[in-house]
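This report describes one protein chain. Please look over the sequence and the model before reading on.

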Amino acid sequence: MRGNMLLGLAGSVGKGVMRERSDNAVLAILISVLALVLFDLMGLIIKHLSPRYSAAELSAYRNLFGLVPSLIALWMTASWREAGRPMRIRQWRLAALRGVAVTFAQFMFYLSLGIMAFATATTISYTTALFTTALAVPILRERVGWVRWSAVAVGFVGVVMILRPGSDAFSWALLLPVGASALYAFSGVTARLIDPEVPTPLFNLYSSVIAAAGSFTLAISIGGFTPVASTSDLAFIVLMGMFGGSAVLCLVVAYRMTEPSNLAPFSYFGIPIAFFLGWVFFAEAPVDDLWPGALLIVIGGLMIVFRERGLRRPKGPGL
């Protein structure tokens, strides 16, 4: 399985790399919430364009135009300029792995947006928080006790209730956002393995270039590109890439500022946002599909929030 290979290799790369970093959880949470909004706006555009362009094409365009925010951010990084604008990084293999993971994550998620309700695909994709908490253990050697594991279990039950395996409502397509979430979580968690002296925009640029190359290769191999139909479609494609590139950069910055399990609960806030946006723009209200599974996903997130607050109080070993 590709996920096991990625995790094993990331764990070996991470040994001896982790160094002490200052923890700024509040700012990191705000940046991660901004990333959620940008991702949802990007998702709306993808769903809008899906009837005319394939998921692979949209992924390729998103990565191409998404390079612009990464380049701008790198150029504005003072430490990078003062160091002589170096382009080489020691952990290029890790950057490449993250790029490959993002390539397939994007393809699966964009495909799901085109064939199911926006809120349903987006809600399932927020299992990223569950995978993030789980992956923090083998990759970052982070301690996750029974309270947070229980929260992950509650959230997982919620996901199962949305998927409804064995029922007439179940479709294998529902597993697409689940697979995408696992790969996105891997990308986010491994951002904490980056050498502290490496500017975030530089490392993100490496991963973005790999993801762009991978998505273009994937698009060509499964049918090629459809001519852009109109100027408005072109504008949407450019905006999609800008939203996505900016969101990824925000997420990478946030994951470098604090522990992944601190950010995981707040990703659940994207569920009501996605439901609202799907209702406003596509007149979708899949209440029956999401209830009560989405509620359990939110409860799992809140359990982690309260546990994190408890761990910040000095009262002996945490759970």
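## N63 in helix 3

N63 lies in helix 3, which spans residues 55-75; helices here are DSSP runs of H or I with at least four residues, strands are runs of E with at least two, and both are numbered from the N terminus. N63 is buried, at 4% relative accessibility. Buried means under 20% relative accessible area, exposed means over 50%, and partly exposed lies in between, with a 1.4 Å probe and protein chains only.

The side chain of N63 reaches the backbone oxygen of S59 at 2.9 Å. Apart from its neighbours within four places in sequence, N63 is in contact with Q106, A211, A212 and S215, where contact means heavy atoms within 4.5 Å.

## Source of the model

The model is predicted, so local features need pLDDT of at least 70 and side-chain atom pairs count only at pLDDT 80 or more, while totals for chains, interfaces and linings use all residues. Residues are numbered from 1 along each chain as its sequence is written, and side-chain values use heavy atoms, with hydrogens and water left out.

## Helix 5 and helix 10

Helix 5 (residues 92-115) and helix 10 (residues 200-221) pack at an angle of about 45°, with their axes 7 Å apart. The axes are lines fitted to C-alpha atoms over the stretch in contact, and angles run from 0 to 180 degrees between N-to-C directions. Helix 5 and helix 10 are therefore oblique to each other; angles under 35 degrees count as roughly parallel, over 145 as roughly antiparallel, 65 to 115 as roughly perpendicular, and the rest as oblique.

On the helix 5 side, the residues that meet helix 10 include W92, L94, V102 and F107. Their partners in helix 10 include F203, Y206, I210 and L218. By class, this contact of helix 5 with helix 10 has twelve nonpolar, five polar and one charged residues. Ala, Val, Leu, Ile, Met, Phe, Trp, Tyr, Cys and Pro count as nonpolar, Asp, Glu, Lys and Arg as charged, and the others, Gly among them, as polar.

## R85 in a loop

R85 sits in the loop between helix 4 (78-82) and helix 5. Phi of R85 is near 55°, a positive value in a residue other than glycine. R85 is partly exposed, with a relative accessible area of 39%.

## The chain and helix 6

The chain has 15 helices and zero strands. Of its 319 residues, 53% count as buried. Helix 6 (residues 118-125) is mostly covered, with eight of its eight residues buried; among them are F118, T122 and I124.

Notes. Polar contact = N/O pair within 3.5 Å; in protein donor to acceptor, adjacent residues only side chain to side chain.
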